[in-house]
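The stops below can be selected in order.

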Amino acid sequence: MRAIFITEVVFPSNLKTIGEGAFKNSGYLESITIPDTVTSIGREAFYSCRGLLSVVIGSGVTEILPTAFLDCYSVSRIEIPVGVTTVGISAFHSWKTDQTIVVPWSEGNRPTGWDRSWGMGCGAQIVYS
């Protein structure tokens, strides 16, 4: 069963992983703040959360698995923490040109753990920090 009518999530302070498809198709979800205790965002965790406006990723996250934020086209901006060493293929697929992804590396210096197709199908503006 999918929790498709939730608008807000308060994660427990001891959460380590957001599992595969955890919030898939939760179209009414508007805002999430992932706590610093979380280390992994699972495959399709927020897939097609089309109402999602705000995402804050905690500093403890080290991996964002494939298609984790696919089709989340209402988020205006997301900042990837410096500790993220792995980002899977198409993690931000279907993002549009009016969206922004801030990545913690300089242009041309993609970390080796980031799939070379991490941004496949993504039209968002990439800001290097």
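This is a predicted model: local features need pLDDT of at least 70, side-chain atom pairs count only at pLDDT 80 or more; totals for chains, interfaces and linings use all residues.

Residues are numbered from 1 along each chain as its sequence is written, and side-chain values use heavy atoms, without hydrogens and water.

Select residues 31-34, strand β2 (strands are DSSP runs of E, at least two residues, numbered from the N terminus). Ile32 and Ile34 form its covered face, Ser31 and Thr33 the uncovered one. In a regular strand the side chains alternate between the two faces of the sheet.

In β4, Val55 and Ile57 are on the covered face, and Ser54 and Val56 on the uncovered one. Thr33 has Val56 as its bridge partner, and Ile34 stands opposite Ile57.

Next, show the aromatic side chains. There are 11 aromatic pairs, counting rings of Phe, Tyr and Trp (its six-membered ring) with centres within 6.5 Å; planes under 30 degrees apart are stacked, over 60 edge-to-face, the rest tilted. Zoom in on Trp105 and Trp118: their ring centres are 6.4 Å apart and their planes at 80°, so the pair is edge-to-face. Both residues lie in the loop between β8 (100-103) and β9 (125-128), so the pair ties together parts 13 residues apart in sequence. Trp105 is buried at 9% relative accessibility and Trp118 at 7% (buried means under 20% relative accessible area, 1.4 Å probe, protein chains only).

Definitions and conventions: Buried means under 20% relative accessible area, exposed over 50%, partly exposed in between (1.4 Å probe, protein chains only). Helices (H or I, at least four residues) and strands (E, at least two) are DSSP runs, numbered from the N terminus. Two strands pair if DSSP finds at least two bridges between them.
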